[in-house]
2 protein chains.
Amino acid sequence: MTNKPIDKREAILQASLEIFAENGFHGSPTSQISKVANVGTGTIYRYFENKDALIDALHEEIDGRLRPAMSEGIDVEAPVRENVLRILKRVFHFFLENPHEFRFLEMYYNSPYGIAKVRSEKETCERPILQILRKGAERQVVKDLPDELLFGLCFGPMLMLTRDHFTGYLELTEEMIQAVIAASWDSLKL
Amino acid sequence: MTNKPIDKREAILQASLEIFAENGFHGSPTSQISKVANVGTGTIYRYFENKDALIDALHEEIDGRLRPAMSEGIDVEAPVRENVLRILKRVFHFFLENPHEFRFLEMYYNSPYGIAKVRSEKETCERPILQILRKGAERQVVKDLPDELLFGLCFGPMLMLTRDHFTGYLELTEEMIQAVIAASWDSLKL
DNA sequence: ATGAGTGGACTGAACGCTCACTCCGCACTG
DNA sequence: CAGTGCGGAGTGAGCGTTCAGTCCACTCAT
């Protein structure tokens with residue numbers, strides 16, 4: 001409840017994100033969500049079929065904000081290395097500036113909801129980062145490995161360190177972020 | 001319930017691991033655990049103060065098996081690179097051969113239980129991998145970065161890809177594992 | 001301009017259900 | 001037959017979900 005939400009649906013999504021990120025799906029009763037959103041408990045069910053649908057809608061909404069944040073600023077003509085570094089930096093900062101979104105996505109993809117989602121979709125393949133990496137492999141700048149491996153090498157360290165950052169295990173500085181990005185590129189390049 | 005457990009405590013731990021890994025902490029009622037363990041519901045509370053204590057004990061038990069599996073076979077005199085590759089390979093295989101343990105640990109460290117644990121302990125610092133990496137940094141073989149970053153670079157891709165493997169997003173082969181380990185080393189080395 | 005009438009968005013107490021946990025009688029051992 | 005370890009029906013707290021009732025913006029007859 002940081003600023004006045006325009007409509008109730010928005011208020012519910014905003015409150016949910018906050019509470020889910022801090023207490024997990026099962027630690028966030030609808031009663032609490034409705035209280036934070038300043039609506040009646042029943043109102044949640046006017047906008048979402050049930051709690052699961054609310055969670056899915058929230059995922060959809062966050063994903064819709066993350067995707068453009070990633071791809072924005074890519075230059076198709078620029079060298080592969082430059083594009084990879086740029087995307088990594090963008091995603092890193094998106095998550096560091098949006099802790100709730102990060103925690104939510106982590107929880108989502110670790111729960112039955114997200115696992116089912118990933119299994120059914122597989123549409124992750126069209127993510128721009130993979131097109132860039134594939135181009136790098138063709139040009140013999142990047143290791144010629146399966147898409148999924150390149151993806152893991154690229155984002156694995158970032159995701160792990162971002163999590164550690166939010167759990168308080170370490171405190172990331174701009175310098176450290178740069179070092180991680182550079183090192184991740186070292187693991188990708190031929 | 002694969003083989004006859006010696007005592008009830010063991011049976012409960014074994015059943016818990018199986019059910020937690022497959023259904024998550026909240027999807028695993030004590031009634032189901034007791035059924036799989038072939039004990040009464042009340043018996044669980046003879047061995048563990050409550051469900052949280054059971055989860056913590058299970059974590060303790062798994063951690064106790066993972067640690068030696070990691071450090072076993074390290075040669076203090078061997079080159080840094082060789083030791084790092086060896087540890088990575090060991091951990092990779094430990095998780096691939098113990099899916100339940102992997103899923104459990106992932107869930108544990110993503111839940112309030114594990115986060116509190118990590119925050120309070122910090123004893124991860126004495127893990128052998130870090131001593132090896134530190135030695136590598138001194139000898140100018142490995143990048144001179146904070147321990148936590150080296151740790152993230154080393155294990156981030158492995159953890160992410162292992163998860164993807166178990167969720168069915170990809171199927172890891174021995175060849176792919178080797179490639180990931182080699183690439184991870186590239187990100188660590190100077 | 002006014003006020004009675006109306007529809008539907010909203011509310012939150014109540015419902016039914018699930019779950020962690022308890023407790024007392026039972027069975028087995030020595 | 002005493003004592004110890006165990007079982008599982010029972011308990012109550014807390015959850016997601018519902019629905020009867022409230023409220024208010026708007027219409028329209030007067």
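## Exercises on a predicted two-chain model

Both F94(A) and F95(A) are buried. The model is predicted. Work each task with the coordinates open.

### Exercise 1: Classify ring pairs

Task: Find how the rings of F20(A) and F104(A) are arranged, and where the two residues lie in chain A.

Solution. 
- Step 1. Start with the search of the whole structure, which finds 18 aromatic pairs over all chains.
- Step 2. Take the pair F20(A) and F104(A). The ring centres are 6.5 Å apart and the planes meet at 35°.
- Step 3. Apply the angle classes. Under 30 degrees is stacked, over 60 is edge-to-face, and the rest is tilted. The angle for F20(A) and F104(A) is 35°, so this pair is tilted.
- Step 4. Place the residues. F20(A) sits in helix α1 (residues 8-23) of chain A, and F104(A) sits in helix α6 (residues 99-109) of chain A. The two are 84 residues apart, so the pair links distant parts of the chain.
- Step 5. Check burial. F20(A) and F104(A) are both buried.
- Step 6. Turn to F94(A) and F95(A). This aromatic pair has 5.7 Å centre to centre and 75° between the planes, and is edge-to-face.
- Step 7. F20(A) and F104(A) join F25(A), Y108(A) and Y109(A) in a cluster linked by ring pairs.

### Exercise 2: Describe the fold of chain A

Task: State how many helices and strands chain A has, then describe the extent of its C-alpha trace.

Solution. 
- Step 1. Count elements: 10 helices and 0 strands in chain A.
- Step 2. Read along the sequence. The pattern of chain A is α-α-α-α-α-α-α-α-α-α.
- Step 3. Take the principal axes. The C-alpha trace of chain A spans about 60 × 35 × 30 Å.
- Step 4. Look at burial. Of the 190 residues in chain A, 51% are buried.
- Step 5. Look at contact range. Among contacts in chain A with a separation of 6 or more, 66% are between residues 24 or more positions apart.

### Exercise 3: Inspect two interface residues

Task: What does D186(A) contact beyond its neighbours within four places in sequence?

Solution. 
- Step 1. Locate D186(A): helix α10 of chain A.
- Step 2. The cut-off for buried is under 20%. D186(A) has 18% relative accessibility, so D186(A) counts as buried.
- Step 3. List the contacts of D186(A): K143(A), K143(B), D186(B) and S187(B).
- Step 4. Name the bond type. The side chains of D186(A) and K143(B) form a salt bridge of 2.8 Å, N to O. These side chains are also joined by a polar contact of 2.8 Å.
- Step 5. Move to L149(B), in helix α9 (residues 147-167) of chain B. Its relative accessible area is 0%, so L149(B) is buried.
- Step 6. Compare sequence and space. L149(B) and L188(B) are 39 residues apart in sequence, with 9.6 Å from C-alpha to C-alpha.

### Exercise 4: Check a backbone angle

Task: Is N38(A) buried or exposed, and what is the phi of N38(A) near?

Solution. 
- Step 1. Find N38(A) in the loop between α2 (30-37) and α3 (41-47) of chain A.
- Step 2. Read phi. The value for N38(A) is near 60°, positive in a residue other than glycine.
- Step 3. Relative accessible area is 55%, so N38(A) is exposed.
- Step 4. N38(B) lies in the loop between α2 (30-37) and α3 (41-47) of chain B. Phi of N38(B) is near 60°. N38(B) counts as exposed at 58% relative accessibility.

Notes. Residues are numbered from 1 along each chain as its sequence is written. Chains are lettered from A and ligands numbered from 1 in the order in which they are written. This is a predicted model: local features need pLDDT of at least 70, side-chain atom pairs count only at pLDDT 80 or more; totals for chains, interfaces and linings use all residues. Side-chain values use heavy atoms; hydrogens and water are left out. Rings of Phe, Tyr and Trp (its six-membered ring) pair if their centres lie within 6.5 Å; planes under 30 degrees apart count as stacked, over 60 as edge-to-face and the rest as tilted. Helices (H or I, at least four residues) and strands (E, at least two) are DSSP runs, numbered from the N terminus. Buried means under 20% relative accessible area, exposed over 50%, partly exposed in between (1.4 Å probe, protein chains only). A salt bridge is a side-chain nitrogen of Lys or Arg within 4 Å of a carboxyl oxygen of Asp or Glu. A polar contact is a pair of N or O atoms within 3.5 Å; within protein, one must be able to donate a hydrogen and the other to accept it, and residues adjacent in sequence count only if both atoms are side-chain atoms. Contact means heavy atoms within 4.5 Å.
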